[in-house]
Amino acid sequence: MLRENVEEKVFYNALNLASEGNFALITAFQKRFHSFKKAWSANIGPATFPDARFELTTIEKVSAKRKEIDPEKEWQKLINLNVRLIFATDKNYPKLLKEINDPPLALYQLGEYDEQRPRIAVVGTRRLTTYGKSVAEKLSKELAQLQITIVSGLASGIDTCGHLTALEEKSETIAVLGSGLDNIFPSSNKKLAERITKQGALISEYALGAPPLKHHFPARNRIVSGLSLGTLVIEAPLKSGSLITSRLALEQNREVFAVPGSILSKNSEGANELIKSGAKLISCVEDILIELNLPLPDHSPISINNLTEEEELLLKIIKNSEQPLSVDAIISQSQMEAADVNQNLTFLELKNLIKFDAGGYRFKF
């Protein structure tokens, strides 16, 4: 079985190369032949995929490319570079990524990361301002110190800032590429990529040698968000790949966080628009942790200590409810005066312990 799995990977890699990353075609091969090895040696033509709409030139190109590719030699290149190919059916395929609607058939991975650690995507503009850099460094540093893995796309700007900060904090980071793992883009981040492989991982769905084509990056972004519990957007103009990532995160039922910026800055228009559309406004790392139900740091200013008896009573009532509780329900259960309940609910909100949601109050942790 193990040898059979390796053989399938050898020919999957070869088909990826021959089709130049045409994953719709590779999926069609899989459905038609139930084996990448069989697909590689099969006679293919227009009648091969009667239910799929592939241009004849596309199929002919793959057929011709097969003659130029030696699957075993190409596989050896992966071995020589210590690159692993992980199928979606493998146990070590990322669990969160498997949950999205269109997970990659396979991932190329160089380096290692701890699958048990929570992961947050940190994305934003390539042309960051001093403000954006400061915010990215601050939040990435605090996330990294909490052993939360930073996921990003190795682009210039916010992406680079997130990766570098994680490395400086001796934490893990994952860079998802829109090219082959041996074709780092931008080239100015080659040294950064090398550092990441020693303290995290480079990941791509594209075979070695694949160029950083424009259409690769929106597809890459779904992996960035798909690997993560939530996506944090720091500085993004309205026309930004970061907004694509945030949209994909929402489609994947993941949280979207955005840092507000100046209304005078083009770089902040995208993040501000996200907040207007319902993204969680982030002013400190605790905002992220609370939304994701992750433990707060010991030094956090948000604490359930030093509460008054009335606050403790109301907090207990709210915590024990499976649904948000209305003020009337809280008054009824607490047997407190309405004015006292409203006053103490305000104090609990200011302490960031409860939140008004869906017509009632709920515990934020």
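Colleague: Why is Phe-217 called buried?

Modeller: Its relative accessible area is 16%, and buried means under 20%, exposed over 50% and partly exposed in between, with a 1.4 Å probe and protein chains only. Phe-217 therefore counts as buried. This is a predicted model, in which local features need pLDDT of at least 70, side-chain atom pairs count only at pLDDT 80 or more, and totals for chains, interfaces and linings use all residues. Residues are numbered from 1 along each chain as its sequence is written, and side-chain values use heavy atoms, leaving out hydrogens and water.

Colleague: Why does Phe-185 count as partly exposed?

Modeller: Phe-185 has 39% relative accessibility, so it counts as partly exposed.

Colleague: How many aromatic pairs does the structure hold?

Modeller: There are eight aromatic pairs. Rings of Phe, Tyr and Trp (its six-membered ring) pair if their centres lie within 6.5 Å; planes under 30 degrees apart count as stacked, over 60 as edge-to-face and the rest as tilted.

Colleague: What makes the pair of Tyr-12 and Phe-87 edge-to-face?

Modeller: The ring centres of Tyr-12 and Phe-87 are 5.6 Å apart and the planes stand at 85°, so the pair is edge-to-face. Both Tyr-12 and Phe-87 are buried.

Colleague: And why is the pair of Phe-185 and Phe-217 called tilted?

Modeller: The centres of Phe-185 and Phe-217 lie 5.9 Å apart with the planes at 50°, so this pair is tilted.

Colleague: Which residues do ring pairs link into a cluster?

Modeller: Tyr-12, Phe-36 and Phe-87 form that cluster.
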